[in-house]
Amino acid sequence: MSFMAARRAEEEEEAAAAEIHLPAEVDWEMLDKWRFFVMGAALFSGVSAALYPAVVLKTRLQVAQPPSPCLRAAAAILRHEGPRGFYRGFATSLAGTVPARALYMAALEATKSAVGTATLRLGVPEPTASAAASAAAGLSSAVAAQVVWTPIDVVSQRLMVQGSAAAAARYRGGVDAFKKILCSDGLRGLYRGFGMSILTYAPSNVVWWTSYFLSQRLIWGGVRYQMDGGGGGELRPGQGTVVAVQGASAAVSGGAAAVVTMPLDTIKTRMQVLDDGGERMTIGRTVRSLLREGGWRACYRGLGPRWASTSLSATTMITTYEFLKRVSAKDGPF
């Protein structure tokens, strides 16, 4: 054996010796689907309730005319509408969250499992296969969820902006808003901004899941260095360390996705909420309106609340999601 070959073999042995052994991944075939969806609906509803005020504030800032600073807008909601103002449209949003989240999780897990298996069979290296599977899963889950979520988004956002100058109509609740939108604009009114929603959430999910996978690899590299201390040996981090790394990776990927897709989200929100002199807002009309109001900076109104809510949501969602998969495994604790 040559010196280079011997050295390469030695390096491979060292890398294997310092390998981090993580808990086994729970894939789609291993899940008790009934438990997964029922428990998931309850857990994610609680997370949505905690983060909903930031979504309301973000939506108000995106449609405000003239624009208002974030803290002033929050204080105005609290002063004029009380704490309930931060939960306008929540019942409607929650009703749509359950089926939308079920579609999202089903498409996510099924696609990730199928694409990951197919790419590995083609001889693609494991890291590349995992990144491709994450990206494809993010894309398919976003498209699937929007079939349910877009009408809910339209109704809940109309309710969110009630009480502000941007509100074009008054509704007595989600059912009343649904009926009025259906009567005035038909089914097309409920799916207003559907294409823009796909353009917003599809790349957002691709960015999110890909950066989540890459962030985990980078963070685990640092953890391995800290835990190993240069001494080699197998490393088996506890569940607490695993959850901490997942949460940190989710926060990074959530913030990245929020920044990248913020202009698309602003355009989508204004299309779904505003009317221009009684005419339906189109993408071109919405962009021109934003540019008149404040240039390209207007597309980033509400970035602070959206960045915070997306990062917090990503952290809580992914830790809850991973916990959910573990307790929903067929051979799990229940």
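**Stop 1**

Helix 8 and helix 9 are roughly perpendicular to each other, a label for angles of 65 to 115 degrees. Helices here are DSSP runs (H or I, at least four residues), strands are E runs of at least two, and both are numbered from the N terminus. The model is predicted: local features need pLDDT of at least 70 and side-chain atom pairs 80 or more, while totals for chains, interfaces and linings use all residues. Residues are numbered from 1 along each chain as its sequence is written, and side-chain values use heavy atoms, leaving out hydrogens and water.

Select residues 239–273 for helix 8 and 283–294 for helix 9; their axes are 10 Å apart and meet at an angle of about 110°. The axes are lines fitted to C-alpha atoms over the stretch in contact, with angles running from 0 to 180 degrees between N-to-C directions. Now show the side chains at the contact (heavy atoms within 4.5 Å). Helix 8 contributes Thr266, Ile267, Arg270 and Met271, and helix 9 contributes residues including Ile283, Val287 and Leu290.

**Stop 2: a loop**

Select Pro66, in the loop between helix 2 (33–63) and helix 3 (70–81). Is Pro66 buried or exposed? Pro66 is exposed, at 65% relative accessible area. Exposed means over 50%, buried under 20% and partly exposed in between, with a 1.4 Å probe and protein chains only.

**Stop 3: aromatic rings**

The whole structure has five aromatic pairs. Rings of Phe, Tyr and Trp (its six-membered ring) pair if their centres lie within 6.5 Å; planes under 30 degrees apart are stacked, over 60 edge-to-face and the rest tilted.

Select Tyr52 and Phe90, an edge-to-face pair at 5.1 Å centre to centre with 70° between the planes. Tyr52 is in helix 2 and Phe90 in helix 4 (residues 90–121), so the pair ties together parts 38 residues apart in sequence. Both Tyr52 and Phe90 are buried.

Next, select Trp208 and Tyr212, a stacked pair at 5.1 Å centre to centre with 25° between the planes. Trp208 and Tyr212 are four residues apart in helix 7 (residues 194–228), about one helical turn. Trp208 is buried at 12% relative accessible area, and Tyr212 is buried at 4%.

**Last stop: the whole chain**

Clear the selection and colour by element: the protein chain has ten helices and two strands. Of its 334 residues, 44% count as buried.

Notes. Parallel < 35°, antiparallel > 145°, perpendicular 65-115°, else oblique.
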